Amino acid sequence: MQHTIDVSTNATEASSATEEPILVGADKAAPLLSISRRLLWTLTQAGEIPHTRIRNRVLYSPRKLREWIDRQSQGGAA
């Protein structure tokens, strides 16, 4: 099975600074979670945090990281 991703954008999409990237590297993901890159890597290696491997890169979806955080939340009213 072959997967393709349409990377074409129109001028409106390309100029929107508020759009979130689909995937980010550890340098952007760790601050989103308010953790160190070392802890992020430890969680990644343990399979505890959602991530995607593309060739030799490990990338993180900000949307999936937020969903993961929501699942980790304990107590209190949400």
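**Exercise 1. Contacts and overall layout**

Task: Determine what share of the contacts with a separation of 6 or more joins residues 24 or more positions apart, and give the order of the elements in the chain.

Solution: 
1. In this predicted model, residues 24 or more positions apart account for 44% of the contacts with a separation of 6 or more.
2. The chain contains 4 helices and 2 strands.
3. Read from the N terminus, the elements follow the order α-α-α-β-β-α.
4. The accessible surface of the chain comes to about 6600 Å², and carbon and sulfur atoms hold 50% of that surface.
5. Of the 78 residues in the chain, 21% are buried.

**Exercise 2. The nonpolar core**

Task: Identify the residues of the largest nonpolar core and state which element gives the most to this core.

Solution: 
1. As a general background, nonpolar side chains in soluble globular proteins tend to be buried together.
2. Here the largest nonpolar core has 11 residues: Val-24, Ala-29, Ala-30, Leu-33, Leu-40, Leu-43, Ile-49, Val-58, Tyr-60, Leu-65 and Trp-68.
3. Two or more residues of this core come from each of α2, α3 and α4 (62-72).
4. The element that gives the most is α2, with 3 residues.
5. Val-58 belongs to this core; leaving out residues up to four places away in sequence, Val-58 touches Gly-25, Trp-41, Thr-44, His-51, Thr-52 and Arg-53.

**Exercise 3. A serine in a loop**

Task: Classify Ser-61 as buried or exposed and name the residues with which Ser-61 is in contact, leaving aside neighbours within four places in sequence.

Solution: 
1. Ser-61 sits in the loop between β2 and α4.
2. Its relative accessibility is 12%, so Ser-61 counts as buried, the cut-off being under 20%.
3. Apart from neighbours within four places in sequence, Ser-61 is in contact with Ile-22 and Leu-23.

Technical notes
Residues are numbered from 1 along each chain as its sequence is written. This is a predicted model: local features need pLDDT of at least 70, side-chain atom pairs count only at pLDDT 80 or more; totals for chains, interfaces and linings use all residues. Side-chain values use heavy atoms; hydrogens and water are left out. A nonpolar core is a set of buried Ala, Val, Leu, Ile, Met, Phe, Trp, Tyr and Cys residues joined through side-chain atoms within 4.5 Å. Buried means under 20% relative accessible area, exposed over 50%, partly exposed in between (1.4 Å probe, protein chains only). Contact means heavy atoms within 4.5 Å. Accessible areas come from the Shrake-Rupley method with a 1.4 Å probe; for residues, only the protein chains shown count as cover.
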